[in-house]
Structures are given as structure tokens and as C-alpha cells.
Amino acid sequence: MALLDPEAPGKRRLLFSGGDGFAPAELEQAVAGNDLPILVRSEVRLGERAWELVQYARNDFIETPWALFYLLSGGFLLSGVYCWLILVLAGQRNHVQLQVAEQTRQLAISNSLLAEAKRIAGLSHWVWYPREQRHHWSVPFCKLIGDDELGARASVEAFVARLLPHCQEEVAARIGFWVHGRGASSQPLVCELEPVAGHRRHIELQSDWIQNDQGEAEYLSIVAQDITERWQGQEQLRLAAATFEGQDAILITDVHGDIRRVNGAFERLLGYPQSLVQGRNPRIFRTGRHDHDFYRRLWQRVAERGYWQGEIWNLHRDGSERLLRASITAVKGASGSTSHYVASYSDITDQRTAEEQIRRLAYYDSLTGLPNRDLFHENLRQQIAQGVAAATSAPCCSSISTTSRASTIPSATVSATSCCVTSPAGCGTGCGSRTSSAVLAATSS
């Protein structure tokens, strides 16, 4: 019995020969000369491959009956064994092919997901092959830096030329260390590209050497990511932090009015640190000077216009009262509804005290503490202006009689103004002319 491979050349055609069987050339010669009394040829096919199984008996075996029996029995047994081995090998091969196909499919899915993740994250690649002394820029990397030639002239110099001058030297040194020193750094490298249409662009580079199976550095992989939006967000946060820690006291509450944050200026203003007020309501600062209607109008204004500005009295931690110029603003969330309230304060207590002192010195006598002639004139002008605007009777005798005691205006002048003030035409009884003459008399005196 012999197992032949029809596709193999020459002596390689014989895969197996049992006992003292013929060589391939001898077997073909015996078959051609009809020297084999028993000859059985069968084809064993598996997939696209085919083998030829030849079972034959020589004349010397036929002379002995037992030899023929042993020959046939051994041939069938070996044929079964060979068929079983071929089926086993074929099954293993199919199993391996299925595993390869499944691994290939999983790899394709992983590559697709990786490409999608890189697209979403804005990642692109720059590869340096040291053996070939060659740089390679991926298409997304070329689009990121604005290279219209799609990496045809990829190099460190070409990349650095697309950066702003203030960062070119540092970036060239860092990338040169990566490329020539074969060193990688976990610290990312931030670069600022030339503006496009007036917009600043920032990218972040991270590098790592990829090794082969022998542990040798095979190529340098540089991953680039567009961080323009993140950079702008960080810049806004820095500006917000600088504003928050400015001169004005700032208090932030949630939509329910619970305090979430205060700055250092607030602690200096009212004496309350962050740890004492966090989670509490600003009602703890009320002095009792403002009634419920004041706060109702305040929050109604915030609800209608989104902000309120005015003066408010708040309580210091030491028990003293402070007059503050306040501004309360409603902060809208992504859904458009109010999420926080921000209040800023500045202390005007000393300013108001100084204004009151100046006003007292201007309108009250420094010795007696009584109103003087300037206050009388001021009140009189206000009464006249109110009467003219309203065009109705507006008695002013009480204010005149009160202020006249502290002034040097003669009593005759006071009695002349004790009627009423309406309009230049008077009240119809001639008091209008008397009022005008009284004002002139008071002014001249």
C-alpha cells in the first residue's frame, strides 16, 4: 500500500509505503506492465487537496493464501488508520482556520473601534523609523497642523516651522531628544500652532518607543491631540479664579439658597470663613433693618431680570452692622433654568458715614446741633419743586416753621411763606406772589 501526492514532483510524491513496497517509479512501471494481480486505486479528498491511496498485491504474495489475507487485512486496517489521521488533521486545520477567522474579525472590530475613538478624541500619529531615518505623518496629523502635502516632507523642522515663535525652540529640543536620544517622557508637550482665521490652536504631544520581540526599540510613536477647547476652558477657569479671588467679596449659593462657596474677600468683609457658612442660608447675615417686603422685591427683581443691585445691611461676625453695595445675579444652567446665585459685595459703611458727617456739617449748626439756613433753603426748594410738578396744594408751613428756628431769617419772612406752594400762579388768593417774594427775601437775607 502506498499514499501518493499527485501534485508533488519526483520522489516527493510518495508520502508512505507499507512493508517492502515499490518506489513511485517502480510502482508506476508495475502498473503499466500489468504485473500486479490486485490493484485498488482510490482518491482521498479534503477541501481543495487530494491524495491517492494505492493498494496492490505482488505475485509472490498471491502464491500463499495466507499472504493474500494478511495483505488485504493489513491494507484495510492501514487505510482506516490513514483516513482517521487525515480526518483528525483536517478537523484540526478547520478548527485553526475558524480561530484565525474569528481572531481576524475581532481584530477588525478592535481596529474600527480604535479608529473611532481616535477620531472622537482628536488623536493623530507621527512615527519615526530610526533604521530608515524616516518620519511618517498620518493623514489626521497632516490635517491637524494644516499640511496640504499630506506628510510628503515630514520632518521635525517642518513641524516646528508651523508653530508660533515663542515655543519653537523648546519644542525642537524636546522632539530632538525623543528622536535622537531614544528617550520618551510621560510629561506631555504642549505646542501652539499658527492661528487659523484668527483662532488660536493648541496641540499636545506624547511619545513612546515601541519595542520588538527582542526588546529592541523599533520605532518612536508620537501621539498628537487637539486640546484647543480644553486649553480655552482652562484659560477661562484661570480668569474666573482670578476674578473670584479679587477685591470684591463673593458669595455663591445653589438654587435653594444654600451657600456653596465664599472667597477670601468675603471672610475679610464679614469675618465668616468658608467652613462656617458652607451649607447655610444667607439669612444668618440679616440685621433686622430690612423688612419682609424689601426681600420680596429683591427676589422678584432677580426672577424677572436675572439680577438685582442695591444697598443692603449685613451683620458682621463680631455683631457690628455693615452697609454693603450688593449685586445678585442668577446663573443659568445648560437647561436654561437657574442653577446658582452669585452675590458680590463691597463695603460702603465708611463712605456713608463720611457722607453723613459732611451733610451734618453742611446743614446743621456745629454748636447747637440745630438745622441751619442752608437746610431750610434746600427743603424749601424741594417743596416748591414738588408743588409745581404735582400742580396740587402742598403745604410747607410745617417744614418752614421748623427750620426757621435754626436760621437767621426774620419772622416776617417766615410768616409770609406760611401759606401754600402750588404753581407760579399761586392758589388764586395772591399767595403765589407772596411765596416768590418770600423766597427772594430768604435768599437775600
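1. In this predicted model, E355 counts as partly exposed, with a relative accessibility of 41%. The residue forms a salt bridge with R352, in which the closest N and O atoms are 3.3 Å apart. Both residues belong to helix 11, and because they are 3 residues apart there, about one helical turn separates E355 from R352.

2. R352 also takes part in a salt bridge with E311, and here the closest N and O atoms are 2.8 Å apart. Since R352 lies in helix 11 (residues 349–363) while E311 lies in strand 12 (residues 307–315), this pair ties together parts that are 41 residues apart in sequence. As for accessibility, R352 is partly exposed at a relative accessible area of 27%, and E311 is likewise partly exposed, with a value of 32%.

3. A further pair to look at is E102 and R105, whose side chains meet in a salt bridge with an N to O distance of 2.8 Å. These two residues sit 3 residues apart in helix 3 (residues 65–121), which means that about one helical turn lies between them. E102 counts as partly exposed at 36% relative accessibility, and R105 is partly exposed as well, with a relative accessible area of 44%.

4. Is E192 buried or exposed? Its relative accessibility is 8%, and because buried means under 20% relative accessible area, E192 counts as buried.

5. Which side chains make polar contacts with the side chain of E192? One is that of H166, joined to E192 by a polar contact of 3.0 Å, and another is that of R200, where the polar contact is 2.9 Å.

6. For the structure as a whole, a search finds 14 salt bridges; among them are the pairing of E102 with R105, that of R352 with E311 and that of E355 with R352.

Note on methods
Residues are numbered from 1 along each chain as its sequence is written. This is a predicted model: local features need pLDDT of at least 70, side-chain atom pairs count only at pLDDT 80 or more; totals for chains, interfaces and linings use all residues. Side-chain values use heavy atoms; hydrogens and water are left out. Buried means under 20% relative accessible area, exposed over 50%, partly exposed in between (1.4 Å probe, protein chains only). A polar contact is a pair of N or O atoms within 3.5 Å; within protein, one must be able to donate a hydrogen and the other to accept it, and residues adjacent in sequence count only if both atoms are side-chain atoms. A salt bridge is a side-chain nitrogen of Lys or Arg within 4 Å of a carboxyl oxygen of Asp or Glu. Helices (H or I, at least four residues) and strands (E, at least two) are DSSP runs, numbered from the N terminus.
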